[in-house]
Amino acid sequence: PPAPFQTPPPTPSASPSPSPTPTFSCPPGQVGFILTLTTDNYPRETRWVLKQGNRWSTATRIATTLYGSYTNWQTTYIETQCIEENEVFYFQILDKERDGICCDYGLGTYSLALNGQEPFHTGGVFGYKERTRFNAISSYNNMNTFIIEVETEPKGGNIDSASEDYDEEDSTSEDEEDSTGEDEEDSTSDGEEDSTSDDEEEES
């Protein structure tokens with residue numbers, strides 16, 4: 001990747017020891033979603049999005065991070081979120097430089113779990129993004145019966161269109177468009193008022 005945000009350390013010779021899956025309480029009708037993320041040598045290049053809904057393009061964003069949120073290399077972060085039970089969710093992780101979090105520049109990895117159980121998905125080797133679709137169930141005793149869908153974008157690939165990735169970028173452009181539109185409306189209305197008053201003065 002290009003010049004990093006910080007000088008990368010030597011690549012470790014072994015993967016970090018996995019952290020125990022944490023447990024926490026959620027209100028009735030919700031389950032605990034747990035993300036365990038171990039960064040690579042360029043942690044600022046990693047971000048993720050959690051959405052609820054049957055289709056990624058129309059699902060509602062529940063939680064997200066921005067590029068630069070993680071600053072420590074080869075460090076394990078644990079993120080928790082209470083989510084609606086028996087609903088469909090998408091988790092998507094992204095790497096800004098399109099080389100995943102393993103294994104070219106450090107041994108990064110991530111795992112997803114529900115209600116303090118064993119992870120139902122573990123990843124880290126992808127290109128720009130990896131997306132996991134899952135049902136938020138309170139218990140999955142037999143992993144063979146717990147069905148999930150994972151889309152992994154290989155390096156140089158693309159698993160969806162740019163139009164579906166609009167919410168993966170910063171909202172600055174959207175805010176600028178909104179403010180520009182308001183300014184245009186204000187200037188138009190002012191101009192119309194001025195021309196109307198000028199016409200009235202000429203007629204009198």
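Colleague: Before we talk strands, what makes two of them pair here?
Modeller: Two strands pair if DSSP finds at least two bridges between them. Keep in mind that this is a predicted model.

Colleague: Fine. How many bridges join strand 2 and strand 5?
Modeller: Seven bridges. Strand 2 covers residues 46-52 and strand 5 covers residues 88-95. Their pairing is antiparallel.

Colleague: Which residue in strand 5 is the bridge partner of Leu50?
Modeller: Phe91.

Colleague: And what order do the strands take in the five-strand sheet?
Modeller: The order is 3-2-5-10-11. The sheet is open, with antiparallel pairing.

Colleague: Which strands sit at the edges there?
Modeller: Strand 3, residues 60-64, and strand 11, residues 149-152. Each of these edge strands pairs on one side only.

Colleague: What about the angle between neighbouring strands?
Modeller: On average, neighbours in this sheet are turned by 20° against each other, direction ignored.

Colleague: Switching topic. What is the order in the four-strand sheet?
Modeller: That one runs 4-1-8-9. This sheet is open too, and its strands pair in the antiparallel sense.

Colleague: Where are its edge strands?
Modeller: Strand 4 spans 76-84 and strand 9 spans 121-123. Both are edge strands, each pairing on one side only.

Colleague: How many bridges hold strand 1 to strand 4?
Modeller: Nine bridges, in the antiparallel sense. Strand 1 is residues 30-38.

Colleague: Which residue in strand 4 is the bridge partner of Leu35?
Modeller: Glu79 is the partner of Leu35.

Methods
Residues numbered from 1 in each chain as written. Predicted model: local features only at pLDDT ≥ 70, side-chain atom pairs only at ≥ 80, totals over all residues. Heavy atoms only, no water. Helix = DSSP H or I, 4+ residues; strand = E, 2+ residues; numbered from the N terminus. Axes fitted to C-alpha atoms, helices over the stretch in contact; angles between N-to-C directions.
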